[in-house]
Amino acid sequence: MGARSEKVGRCQICGRDKGMREMMPAAMIRSSVLDLIRQEYPGFGGEGYICLKDLNRFRTKYIEDMIEVDKGEVSRLEADVVHSLAEHELLAKNVNSEYETNLTYGERLSDRIASFGGSWPFIIIFFCFFTVWMLFNSVSLFWRPLDPFPYILLNLILSCLAAVQAPIIMMSQNRQEAKDRMRAEHDYSINLQAELEIRHLNEKFDHLVINQWQRLLEIQKIQMEIMEAVGSSK
């Protein structure tokens, strides 16, 4: 007798008449789930009802869509990183080769002279030259030597060589300082880009984690609603 006197409502989704224990008013449905229902049934709402079976089906679909969105966000995050690296020109480059291409012939020549002047072959060659020069002028002492002792001409040659070699070495050192400064600026730009990329990734991951916690909380609330609905139907 009690079962016959129970109120009956019609589900706007399946169109079946069911008891009010198995029905849910549209006004009591969560807004996010309600929006999903209206995507398939635009006329749903108002004073209408939906049966718990259809409501749980839409709740389950909503949870599945949220999980798919989370997966999509992870893939989009990876795609954004790749896209950002592809769009921005890579700063890593060979500074030495770029610097060498802009040198003039005189600058290249001075670098080679400075490099040779500070090497062991240069020292050995000059030591041999001094030895031969002094031996030759000492042995030919009795035959009118070219540069007799104390070898004034040799001292003049050494003074001229030192006078020319010093500014050449200084020119090479100035270019080396310019190269070091360019290398330092290049390293700074790479470090700055890496820092910006890391900050960008951290912000994206933080945003992703916050969204996941919010969605997990909403999923848990929907699951509690489903359990309460199942319990009340029994």
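Is D17 buried, partly exposed or exposed? D17 is partly exposed, with a relative accessible area of 46%.

Before going on, a word about the model. This is a predicted model, in which local features need pLDDT of at least 70, side-chain atom pairs count only at pLDDT 80 or more, and totals for chains, interfaces and linings use all residues. Residues are numbered from 1 along each chain as its sequence is written, and side-chain values use heavy atoms, with hydrogens and water left out.

**Confidence**

The predictor's confidence in each residue is called pLDDT and runs from 0 to 100. Averaged over the protein it is 76, and 78% of the residues score at least 70. Helix α5 (residues 120-139) has the highest confidence, at 87, while helix α3 (residues 95-101) has the lowest, at a mean of 65. Where pLDDT is low, the predicted coordinates should not be read in detail.

**Salt bridges**

Side chains of opposite charge can pair when their charged atoms come close. A salt bridge here is a side-chain nitrogen of Lys or Arg within 4 Å of a carboxyl oxygen of Asp or Glu. The structure holds five of them, including these:

| Pair | N to O distance |
|---|---|
| R10 and D17 | 2.9 Å |
| R57 and D54 | 3.8 Å |
| D111 and R175 | 2.9 Å |

D111 lies in helix α4 and R175 in helix α6 (residues 152-233), so this pair ties together parts that are 64 residues apart in sequence. D111 is partly exposed at 21%, whereas R175 is buried at 11% relative accessibility.

R57 is partly exposed at 41%, but D54 is buried at 9%. As for R10, the partner of D17, its 53% relative accessibility makes it exposed.

**A look at helix α4**

Helices are DSSP runs of H or I with at least four residues, numbered from the N terminus. Helix α4 covers residues 105-117, and its 13 residues reach 18 Å from first C-alpha to last, close to the 18 Å expected at 1.5 Å a residue. That expected span is 1.5 Å times one less than the number of residues.

Within α4, S110, A114 and G117 are buried. Seen down the axis, the buried residues fall within an arc of 65°, so they line one face of the helix; the arc is that of the directions from the helix axis to the C-beta atoms. On the other side, Y105, R112 and S115 are exposed.

Note on methods: Helix = DSSP H or I, 4+ residues; strand = E, 2+ residues; numbered from the N terminus. Buried < 20%, exposed > 50% of the residue type's maximum accessible area, 1.4 Å probe, protein only.
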